[in-house]
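Okay, thanks for coming, everyone. Let me put the structure up, and then I'll walk you through it.

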Amino acid sequence: MSSFASVEELLQAEVHCGADPHPILLMGFSQGASPSLLVALTTMHELGGVISLAGWIPHRRREKITHTKPHLPIFCRHGRNDGDIPTDCSEEATAV
């Protein structure tokens, strides 16, 4: 199972057990930011928001984004001295 499917499955399980999705925030750091962003932008539930720290959405996964939610709060931050992930990848993720 992919990390994207795992995050979506956890979210679905919480909602199925009665959790209100509106206050749920997804958050990820580096590689964990990718599934957080993608699930937040593709889930059928209206979430409280998503937080991405030094993250991005891989280009090959972007076609899975069927709709954007302009009301979905997205908080992205990226360190200037990150030698592994270019800052433009993080900036690009907010423009999806």
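Predicted model: local features only at pLDDT ≥ 70, side-chain atom pairs only at ≥ 80, totals over all residues.

Residues are numbered from 1 along each chain as its sequence is written, and side-chain values use heavy atoms, with hydrogens and water left out.

So, the layout. The protein chain has 3 helices and 3 strands, and along the sequence they run α-β-α-β-β-α. Those are DSSP runs, numbered from the N terminus: H or I with at least four residues for helices, E with at least two for strands. Of the 96 residues, 35% count as buried; buried is under 20% relative accessible area, exposed is over 50%, and partly exposed is in between, with a 1.4 Å probe and protein chains only. If you take the contacts with a separation of 6 or more, 63% of them join residues 24 or more positions apart. Contact here means heavy atoms within 4.5 Å.

Strand 2 and strand 3 pair over 4 bridges, in the parallel sense; two strands pair if DSSP finds at least two bridges between them. L53, for instance, has R77 in strand 3 as its bridge partner.

On to the core. The largest nonpolar core has 14 residues, and L26, A40, L47, V50, I57 and L72 have the most contacts inside it. Helix 1 (3-16) and helix 2 (33-42) each supply at least two residues of this core, and helix 2 gives the most, with 5. By nonpolar core I mean buried Ala, Val, Leu, Ile, Met, Phe, Trp, Tyr and Cys residues joined through side-chain atoms within 4.5 Å. Helix 2 is mostly covered, too: 9 of its 10 residues are buried. And what does L26 touch, leaving aside neighbours within four places in sequence? Its contacts are V7, S36, V39, A40, L47, G49, V50 and I51.

Last, some single residues. S30, in the loop between strand 1 and helix 2, has a positive phi near 55° and isn't a glycine. A54 also has a positive phi, about 55°, without being a glycine. A54 sits in the loop between strand 2 and strand 3 and counts as buried because its relative accessible area is 8%. P58 is found in the loop between strand 2 (49-53) and strand 3 (74-77), and is buried at 13%. P58 is 23 residues from P35 in sequence, with the C-alphas 9.7 Å apart.

And the cysteines: C17 is exposed at 68% relative accessibility, whereas C76 is buried at 10%. The disulfide count is 0, taking a disulfide as a pair of cysteine sulfur atoms within 2.5 Å.
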